[in-house]
Amino acid sequence: MIHICMLFIIFQGRSFAETILLEEIIVRGEREAPQEECLDIKEVRETPARDVGEAIKVIEGITSVRKGAIANDVVLRGFQRDNLNLLIDGMRIYGACPNRMDPNAFHIDFSEIEIITVLKGPFDVKNPGSLGGLVEIKTMRPEKGWGGTVNAFAGSHENINTSLSTSYGGDKVDALFGYAYRYSLPYKDGDGDRITELYPASSMHRYKDGEEDEKAYSINTYWSKFGFSLFENNRLEIAYARQEADDIIYPYLLMDAVYDDTDRLNVTYEIPDISNRIKNLKAQFYWNQVKHDMTDERRVSSTGFASGYMMRCYAEAKAFGGKLESDITVHRGRLTAGIDYYLRNWDAENTLPIGKQKMMPDVDSRNIGTYLEYDRPLMDDFRLTLGARFDCTKTKAQDDRTALYSLYHGTRDREETNSYVGGNIQVLYTPVKTIELFGGFGCTTRPPAPDERYIALQKPMMTPDWVGNPELDPVQNREFDFGLRYLGNRFYGKTTFFYSDIKDFITVYDLEGPVKSARSFRNVDATLYGGEINLNFFLPFDLHLQGGLSYTWARDDTHDKPLPEIPPLQGRIAARYDVYTYFAEIEGIFADDQHRVDSDLNEEKTPGWGIMNLKFGVKYKKFDIFAGVHNLFDRQYFEHLSYQRDPFRSGIKVPEIGRNFYLNISCSL
Ligand SMILES: [Cu+2]
C-alpha cells in the first residue's frame, strides 16, 4: 500500500514514458535487496555484448577477464574464479579447461536467460562458498498460452547471433524450446588490427597465415524446459540444454579451443503453501558435463608435427548435486532451512612433445552443507536477517601426481577434508519512506579449488612447471558492508561500501624449485575494500541521466604488496531520451589507470581509458529494434584484466573491440 501511494505521488506531473521508466526502476528497487543488483535480459538486447561476462559489466562493481572474442570471465569487486559463485537456476557448473577458456558463465546463451541477479558480499548462506558474492542466472519459464520470440543480431566483423524460442503454458503442463546460434570473425581493435594479429612476426605462438581471418567462434545452443502440475499447485520442472561451441580463439593463451560441449540437466520439484506454517518445500537435482579439447593447431608452433599440433589438452568437468529447502513461518518471520550436496569432478590430460600427463589428476570435490536463514521485521522500519551455514568438503586427486607435489611442496598428500561454519547478520533500516540503510557482517569460507590443490604439469626445459599446493587451507572472508539507497521524486541513487578481511586468500606465485621455478598457489592474508555508487536523475522532457562508479583497493598483507588482478576505478555516465516507443542514448565508459600491481608476477600497470557509445531503439507493434555504435571514436584500449600474470604469460594483452556497429531485431509472437 505504501508503495502504491508512493508511486502515485511520484507519478503526478510526469509523462507516460517517464512513468514507465521510473516504474521499472522502482519495481526493481523493491525486488532487490540493497546489496543486490539485477540485470534484465531485455536490457542486454540493447547492447552488443556477446556473453554474460560482458553483459553484466553494466552493474557497478563487475568487471571481466578477456581472453578472446567471447567467453569473458566475471569478476566482482576483484573476486574471481572460485571466489565467486555463479549458478544457473541454482545449478553449480564448472568449466573443463585448466586455462579457464570456458568459465562457468560461458555455458549458457543469453536467449535462455530471464534475469541475472548479483549479490555482493558474503551474504549467501543458501549455497556453499559464495566468498565474494553470488551471481544467479535465472532462465525463462513458459508463460500462459502460446508464445515465442525471434531475435536477430548482426554487427561488425560478421558478428551474428540469432535465436528463436517457442513455448506453451497450460494449467497442467507447460513446455519451452529454444535454439541460438552465434558466430563471429576475430574483431578489430582500435588500431584496426584483428585480435589474431597481435603476436609479433617472430613469435611461434602467432596465428598461421590465413588463420587471422578465420572464425573466432561458432556456437550452437539448444534448450528445453517442461513443467508438470501433478497435484494442485505442485510443480515438477525438467530442463535440459546442450551447447556445442567450436573453434574458439584465445589470443590471451598459447592454445585455442577445438570444441567445448556442455550438457545441463536440472530437475526441481516445488510444493507451495503446504500448511499455515510451512510455506514452501523445494527439492532440486542437477547434473552437467563439459567436454573440452584445445590445441595449438591454428598457431605456427604446431608446424611440422604429424599430429597437427605441438600441444593439446583434453579435459572434462562434471558436476551433480541436489538440494532440499523449506520456508517456515516463525514469529512473524521467515525461516529458511536447507541441506545441499554436490560432487564435482575434473579431469584433464595434456600432451606435449615430452609426453602425455594427467594435468588435472581426476579430482573429486564433494561438499555437504546445511543452512538456516531467518528474516523478520522487528519494527515497522527495521528488518533483521540472520544466516548460518555448515559445510564439510572432501577433495581427492585419484591419479597419482605426488612426485611433482613432493618436489615442490614436500608432500605426497592427495586427499583432504575440511569442515567450516559461516554466517551473517544483516539489518535494514527505513527511517523515512525515501531512504533505506543497510548494514551487514558476513563470514564465508570456500575450499581450495581442484586446480589450486592438485594441478600438475611438467613443462619442457626451463619453462616453469605448473603445480598445485595440496596443503592449501580454505579461504575465509570476513566482510562488513554498508549501503544507502534513496528514492526521491526525481532521483534514485544507491551507494555501497565494503571492507573485507581475508584469511588464507589463494594467490598465484612463482615458486623456486630445486631445478627450476613453477607456477603454484599459496595462502596469504589480504584486505580488500571499496564500493560502488549508482545515480539516476529523471529530468523534464523525458530525459534520464545515469552515472555509476566503482572501486576496489586490495593488498596482500602477508607480503605487504598489492594483490594482483584488481580492476581500477571504473565509471559510466549516460544520458537517455526515452518516450517508450523510441529512445536514444549516449554513454561514456571510462577507467582510471591501475598502478597497484604485483611486479613479482610481472604484472604491468595499465593506463586509463574512455570510450563513447551511442544507441537507438524503436518499438513497433511486436518488434523491438535496437541499433548502435560501440566505441564511437575507435579508441585503442585495454582492460586491466586482459593478460596473464604468471610464469606462463604469452606476453600478449588482448585489446578491447574497436569501433563496431550493430543492429538487433527482436520479435515477440
Ligand atoms: Cu582450454
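Student: How many nonpolar, polar and charged residues does the lining of the largest cavity have?

Tutor: Start with the source: this is a predicted model, in which local features need pLDDT of at least 70, side-chain atom pairs count only at pLDDT 80 or more, and totals for chains, interfaces and linings use all residues. Ala, Val, Leu, Ile, Met, Phe, Trp, Tyr, Cys and Pro count as nonpolar, Asp, Glu, Lys and Arg as charged, and the others, Gly among them, as polar. By these classes, the lining of the largest cavity holds 15 nonpolar, six polar and 11 charged residues.

Student: How much space lies in the largest cavity?

Tutor: A cavity is a set of points, on a 1 Å grid over the protein atoms alone, where a 1.4 Å probe fits but cannot get out; lining residues have an atom within 4 Å of a point. Points are joined across faces, edges and corners, and the volume is the space filled by probe spheres set on them. The structure holds 15 cavities of 30 Å³ or more. The largest cavity has about 490 Å³.

Student: Which element gives the largest share of the lining of the largest cavity?

Tutor: The lining has 32 residues, and the closest to the centre are Gln-80, Arg-81, Ile-506, Val-508 and Glu-565. Helices (H or I, at least four residues) and strands (E, at least two) are DSSP runs, numbered from the N terminus. Strand E24 (491–512) and strand E25 (517–539) are the elements that give two or more residues to this lining. The largest share, four residues, comes from E24.

Student: Which residues are the closest to the centre of the second largest cavity?

Tutor: This cavity has a volume of about 370 Å³. Of its 34 lining residues, the closest to the centre are Asp-82, Arg-92, Tyr-94, Arg-344 and Ala-449.

Student: Which helix supplies at least two residues of the lining of the second largest cavity?

Tutor: By class, this lining divides into 16 nonpolar, nine polar and nine charged residues. Several strands each supply at least two residues, including E4 (85–88), E16 (333–352) and E17 (355–379). A helix supplies at least two as well: H6 (450–454).

Student: Which residue forms a salt bridge with Asp-261?

Tutor: A salt bridge is a side-chain nitrogen of Lys or Arg within 4 Å of a carboxyl oxygen of Asp or Glu. Residues are numbered from 1 along each chain as its sequence is written, and side-chain values use heavy atoms, with hydrogens and water left out. With the closest N and O atoms 3.6 Å apart, the partner of Asp-261 is Arg-242. The pair links distant parts of the chain, 19 residues apart: Asp-261 in strand E13 (residues 256–272), and in strand E12 (residues 235–248), Arg-242.

Student: Is Asp-261 buried or exposed?

Tutor: Buried means under 20% relative accessible area, exposed over 50%, and partly exposed in between (1.4 Å probe, protein chains only). Asp-261 has 15%, so Asp-261 is buried.

Student: What N to O distance goes with the salt bridge of Arg-576 and Glu-585?

Tutor: The structure holds 55 salt bridges. Arg-576 and Glu-585 are both buried. Their side chains meet in a salt bridge, N to O, at 2.7 Å.

Student: Which atoms coordinate the copper ion?

Tutor: Donors are N, O and S atoms within 2.8 Å of the metal (3.2 Å for Na, K and Ca); water is not among the atoms, so sites may look incomplete. Along the chain, the donors follow the spacing C-x3-M-x190-H-x1-M. At 2.1 to 2.4 Å, the copper ion is coordinated by Cys-97 (SG), Met-101 (SD), His-292 (NE2) and Met-294 (SD).

Student: What geometry does the site of the copper ion have?

Tutor: Four donors count as tetrahedral if all angles lie between 85 and 135 degrees. Four count as square planar and six as octahedral if opposite donors are over 155 degrees apart and all others between 65 and 115; anything else is irregular. The angles among the four donor atoms here are 95 to 122°, and the site is tetrahedral.

Student: What is the relative accessible area of Met-101?

Tutor: Cys-97 is buried, at 3%. Met-101 is buried too, and its relative accessible area is 0%.

Student: Where is Asn-602 found?

Tutor: Asn-602 has a positive phi, near 60°, in a residue other than glycine. At 39% relative accessibility, Asn-602 is partly exposed. Asn-602 is found in the loop between strand E29 (582–591) and strand E30 (609–620).

Note on methods: 1 Å grid on protein atoms, 1.4 Å probe; cavity = no way out; pocket = protein on both sides within 12 Å on 5 of 7 lines; lining within 4 Å.
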